[in-house]
Amino acid sequence: MNELLAQHTAFFKELVGSERFSTGTSHRELHVRDISAHHGSLPAGVIFPVTTDEVAKILAFCYGNDIPMTPWGAGTSTEGNPVPVCGGLVIDLTLMNRVIAIRPADLQADVEPGVLRKELNRQAGQFGLFFPPDPGADATIGGMIANNASGVQTVKYGATRDNVLRLVAVLPHGEVIHTGCKAPKSSSGYDLTRLFIGSEGTLGIVTEITVKLSGIPALRMAATIQFPDLASASQAVGILIGSGLGPAALELLPPGLICLMNREKGLGLAEVPTLFCEFHGSSDPVIEETAALARELCEECGAVGFRHASDEAGRTALWRARHEAWETIHRAHPGLESLIVDAAVPISAYPEMVVFAQSAVDRAGVIGYVFGHAGDGNLHVVLVGDIRDESAWAKLEAVNHAIVEEAIRKDGTCTGEHGIGIGKRKFMPLEHGASYEWMRRIKTLFDPKGLMNPGKIF
Ligand SMILES: Cc1cc2nc3c(=O)[nH]c(=O)nc-3n(C[C@H](O)[C@H](O)[C@H](O)COP(=O)(O)OP(=O)(O)OC[C@H]3O[C@@H](n4cnc5c(N)ncnc54)[C@H](O)[C@@H]3O)c2cc1C
């Protein structure tokens, strides 16, 4: 549906005013692509609600009038998750951007879904607190919930799923429900909070969230650890995780990507397989002792270099380079698109998985950077190519397929953090077997007409 009827337009304008509802081409075109190469179908209109009540009225009207609905956060997804595939109405949540309350005594905050992660951390920081899940992008909390996003600190603090207590959600037909509670734990009934987390906007729209906050660590130390090959670097990952040293970040970077980062950011790192690592502690001696132990363990795995520093500038530069890896790769290959592999496996299978992925890239003769949130067994391969060249793009798809199938064979998953969206739907039957049918039944129970973010996950 690429056009709305006059009575639809009149209803939306009456509800929110003309300044928060648009059928203009520029607004519609801004809501048809995320950062992936997936193209959608131009939405007929974009609406910007500011209250739960408005969301409820919009959804009830759309449901009654068979208008497809797609929720939208910051649009930073990598699998087409917020891309409308049936046109209809895009519901942009970015104006619902109030941090309603920060409650330091409970280590919690109540927020609206359009609050950006960095803004929440800026406000929580005034109380010495932060919200740990950290996708590189400045995503909205609603988008992070819908994709169950995570990031470099997930190895210590968990994914979004582990940091949310309670939601207010509007179901596709407009009913408002509350899930969970503000107690730190609960055994009460089915966990609808976690059903919504990772549902990619296919079950309804989240309009209020209670998140858990953590204390900002007193001291942080970043380390770069160099290895002769990818296999020894990835073996050290399991050793560090099992050591009890509790790394707060543990990332694997390949020589090709370090080379691009050096060129763009002047990091001056040796261009060999490297682990970027971070430890948190309460005093200098504790942190130094942790570094010494980590160094010893890595050297036993063949590490050839170990540099660590607690200075904030060096640490920030390192993590900034890591967070901007995707942009750095794109800037190095202008005019090309990327396909991002996001497989995850049990930590013991990580070394084999890394070697498998690198050889799949080499065998196919394509451009591909193998890296990832190693501490979570999460492997990214950014495959780069010309999407207009069908046979070249088919080679990237084949590499993606081979890596995902291998990850599933190793009891892993096709997506550690980016979600299914459009791009990974094809792997769902293989990964979930009969459970996939039960997921479909849940979707049908919430959304019998299939109007809520259609074409995603299923
Ligand atoms: C440079 C870069 C690095 C990244 N690194 C990481 C990373 O390390 N880890 C990681 O996990 N991700 C990463 N991502 C992906 C992305 O940032 C996350 O998936 C993020 O959670 C998307 O949030 P968003 O606000 O952009 O949501 P959008 O992309 O706008 O939407 C995401 C999904 O949420 C739905 N949605 C949005 N708001 C709501 C709501 N209120 N209620 C219900 N559904 C809703 C949408 O329909 C869609 O399905 C990265 C992206 C970029 C560009």
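Start by selecting the ligand and T140: an N or O atom in the T140 side chain lies 2.7 Å from an oxygen atom of the ligand, a polar contact in the sense of a pair of N or O atoms within 3.5 Å. (Within protein, such a pair also needs one atom able to donate a hydrogen and the other able to accept it, and residues adjacent in sequence count only if both atoms are side-chain atoms.)

Before you go on, note that this is a predicted model, in which local features need pLDDT of at least 70 and side-chain atom pairs pLDDT 80 or more, while totals for chains, interfaces and linings use all residues. Residues are numbered from 1 along each chain as its sequence is written, and side-chain values use heavy atoms, with hydrogens and water left out.

A polar backbone atom of G73 is 2.7 Å from a ligand oxygen, and for a polar backbone atom of G143 the distance to a ligand oxygen is 3.3 Å. On its own the ligand has 990 Å² of accessible area, and the protein covers 95% of that (Shrake-Rupley method, 1.4 Å probe).

Helices (H or I, at least four residues) and strands (E, at least two) are DSSP runs, numbered from the N terminus.

Follow strand 3 into its sheet. This open sheet of 4 strands runs in the order 1-2-4-3 with mixed pairing, where pairing requires at least two DSSP bridges between two strands. Strand 1 (21-22) and strand 3 are at the edges with a single partner strand each, so one side of each has no neighbour in the sheet. Strand 3 pairs with strand 4 (residues 89-92) in the parallel sense over 4 bridges; select W72 and you will find D92 as its bridge partner in strand 4.

I102 stands opposite A109 in strand 6. The two strands have 4 residues between them, and L107 in the turn shows a positive phi of about 55°.
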